[in-house]
Amino acid sequence: MGPPGVGKGTQAILLRERLGVPHVSTGDILRASMQAGASLGKQVRGFVEGGQLVPDDLMGDLIAERLQRSDARGGFILDGFPRTVGQVRTLDEVLARAGMPLDHVLMLVAPEEEIIRRLSGRRTCPQCGAVYHLESRRPESAGICDACGVALAQRPDDAEEVIRKRLGIYRAQTMAAGQVYRERGVLREVDGVGDVQQVAARLRSGLGMA
Ligand code: AP5
């Protein structure tokens, strides 16, 4: 969990490599479905590009279907789900049906000015989804994906006014979802300020890994 742009996706990819379990990013699933022109993509485009949350019923169906797949049987890293109190309940139900425990809930935190700096400098590859930053994670050739060789793009929801809307929704809804886990005693806040490797070390320590 954590506010937009705090580094959830960057860190989840590193953890996936360490743990050997899939990284389930609801944002990535929604964007892939928009790019494919799928029916879900058509339903969600306005929400995603405008920085609003996709309704809980759609998200509940999406996550239940994703976590049923065979690659998730040995565990998974959720990135960007749950974001509302309703989604916390949905995840409880999905995990109970699968007989799987929720091992850890980690919340990355960083000041808003750092988040705005990270999001306004983010560039992504429209083909493979690789994430770069104009200052902290530059591609080898400016503006070009190292892996695919295609031009990098800025996400429509990384425009400054949309970032502010996403931060407002985070404060209003996702912090309440985090509070549910805090009251259950399972939430750990992790400082997201510092370079990528410093934050990764803090997360591993929060997970009890060396
Ligand atoms: P989603 O894609 O999940 O967006 P988000 O949560 O707003 O998070 P971001 O992807 O913007 O940021 P991040 O924390 O992953 O940061 P990143 O690692 O990229 O969701 C998009 C939309 O989909 C939502 O707004 C909503 O509409 C919908 N949606 C998704 N899930 C939903 C749900 N559950 N319910 C309803 N709707 C949902 O890093 C950001 C930048 O910073 C990068 O450039 C990176 O290189 C850089 N960076 C990372 N770490 C560091 C560091 N330590 N130091 C310096 N730079 C860093």
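Good morning. Leaving aside its neighbours within four places in sequence, threonine 174 is in contact (heavy atoms within 4.5 Å) with Met1, Pro82, Arg83 and Ile169. This is a predicted model, in which local features need pLDDT of at least 70 and side-chain atom pairs count only at pLDDT 80 or more, while totals for chains, interfaces and linings use all residues. Residues are numbered from 1 along each chain as its sequence is written, and side-chain values use heavy atoms, with hydrogens and water left out.

Threonine 174 belongs to helix α7; helices are DSSP runs of H or I with at least four residues, strands are runs of E with at least two, and both are numbered from the N terminus. Because its relative accessibility is 5%, threonine 174 counts as buried, a term for under 20% relative accessible area with a 1.4 Å probe, protein chains only. A polar atom of the threonine 174 side chain lies 2.9 Å from the backbone oxygen of arginine 83.

Let us turn to helix α6. Within α6, residues 112–120, the buried residues include Glu114, Ile115, Ile116, Arg118 and Leu119. Their cover includes β4 (122–124), β5 (131–133) and α7 (160–184).

Finally, how do α1 and α8 pack? Helix α1 (residues 8–19) and helix α8 (residues 196–206) pack at an angle of about 60 degrees, with axes, which are lines fitted to C-alpha atoms over the stretch in contact, 10 Å apart. Therefore α1 is oblique to α8, since angles under 35 degrees are roughly parallel, over 145 roughly antiparallel, 65 to 115 roughly perpendicular and the rest oblique. Thr10, Gln11, Leu14 and Arg18 of α1 meet α8 residues including Val199 and Leu203. Thank you.

Conventions:
Axes fitted to C-alpha atoms, helices over the stretch in contact; angles between N-to-C directions. Buried < 20%, exposed > 50% of the residue type's maximum accessible area, 1.4 Å probe, protein only. Polar contact = N/O pair within 3.5 Å; in protein donor to acceptor, adjacent residues only side chain to side chain.
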